[in-house]
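Let's take a first walk through this structure, one piece at a time. Have a look at the sequence and the model below, then read on.

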Amino acid sequence: MAATPTPLRRLDGTPIRVLTVDDEPSLIELLSMAMRYEGWEIHTAQSGSEAVRVARASQPDAIVLDMMLPDFDGLEVMRRIRAFQPDVPVIFLTARDGVEDRISGLTAGGDDYVTKPFSLEELIARLRGLLRRSGATTPTPGTQLVVGDLVLDEDSHEVSRAGEPINLTATEFELLRFLMRNPRRVLSKAQILDRVWNYDFGGQANVVELYISYLRKKIDVGRDPMIHTMRGVGYVLRPA
């Protein structure tokens with residue numbers, strides 16, 4: 001997707017440092033790509049002992065940590081890292097979804113818990129929230145887009161209209177963000193495809209119509225409409 005995320009920075013202005021620990025190289029690569037898109041500096045490890053060594057050298061601002069590692073488990077990794085970096089936020093990844101595992105991870109001091117398979121967008125959003133709450137990042141003013149009574153927070157991914165929360169999928173969010181960054185401007189289907197999907201659908205612009213209809217159901221139903229169709233031209237978002 002072409003929309004650029006609002007960058008989080010460390011208090012000294014340098015990129016956020018995240019340590020990702022998992023014994024699956026393909027997952028490490030996927031997570032690293034998503035985090036680099038956020039503008040973060042990524043460090044990786046595929047075992048517990050390597051994770052402790054890398055954490056000591058890099059002093060990460062947050063850790064994404066698999067529960068099951070080849071040498072010792074994620075809880076032990078966290079204990080060893082917290083011995084020299086006591087406040088670093090940790091999100092556990094695990095294929096196990098039992099209540100006991102969640103409780104053991106969180107009561108041991110983990111900050112969050114994501115069960116595989118998971119949504120990359122959800123993990124990044126949770127990580128951004130953890131980083132903000134930990135105080136490791138500079139405040140990011142101007143992360144809210146406001147058009148009429150519609151408010152979109154680019155950082156927390158929260159959307160509301162007239163104070164009522166609206167739940168959007170990742171693609172719906174990106175589409176609305178593009179519309180809200182260009183209020184009162186008519187956007188063609190081609191522009192929307194290019195900027196939101198960053199993909200050539202070979203003329204299948206009906207995907208735009210489909211997602212516009214999804215957005216309307218969530219944003220306009222029962223209210224004065226904000227999303228308008230300009231026949232033969234495209235779509236425009238205007239305050240009601």
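Predicted model: local features only at pLDDT ≥ 70, side-chain atom pairs only at ≥ 80, totals over all residues.

## Before we start

## The four-stranded sheet

How many strands form the open sheet, and in what order? There are 4 of them, running S6-S7-S8-S9, with antiparallel pairing. The edges are strand S6 (144–147) and strand S9 (164–166), each of which pairs on one side only. From one strand to the next, the twist averages 20°.

Zoom in on S6 and its partner, strand S7 (residues 150–153): they pair in the antiparallel sense over 4 bridges. Within this pair, Val146 stands opposite Val151 in S7. As background, strands of a sheet pair through backbone hydrogen bonds, either parallel or antiparallel.

## A helix on the sheet, and its neighbour

Which helix packs on the sheet? That's helix H6 (residues 170–181), and it touches S6, S7 and strand S8 (159–161). The direction of H6 makes about 115° with that of S7.

H6 also meets helix H8 (residues 206–219): their axes come within 10 Å and cross at roughly 85°. Angles of 65 to 115 degrees count as roughly perpendicular, so H6 and H8 are roughly perpendicular to each other. On the H6 side, the contact is made by Thr171, Glu172, Leu175, Leu176 and Leu179. H8 brings in Tyr211, Ile212, Tyr214, Leu215, Lys218 and Ile219. What kinds of residues are these? The contact of H6 with H8 divides into 8 nonpolar, 1 polar and 2 charged residues.

Now jump to strand S10 (residues 227–230) and strand S11 (residues 234–237), which pair in the antiparallel sense over 4 bridges. His228 has Val236 in S11 as its bridge partner.

S10 and S11 form a hairpin, with 3 residues between them. In the turn, Gly232 has a positive phi of about 75°.

## How confident is the model?

Across the protein chain, pLDDT averages 84, and 86% of the residues score at least 70. Which elements sit at the two ends of the scale? Helix H2 (residues 48–58) has the highest mean pLDDT, 97, while helix H4 (residues 99–107) has the lowest, 59.

Conventions: Residues numbered from 1 in each chain as written. Heavy atoms only, no water. Pairing = 2+ DSSP bridges. Helix = DSSP H or I, 4+ residues; strand = E, 2+ residues; numbered from the N terminus. Axes fitted to C-alpha atoms, helices over the stretch in contact; angles between N-to-C directions. Contact = heavy atoms within 4.5 Å. Parallel < 35°, antiparallel > 145°, perpendicular 65-115°, else oblique. Nonpolar A, V, L, I, M, F, W, Y, C, P; charged D, E, K, R; others polar. pLDDT = per-residue confidence, 0-100.
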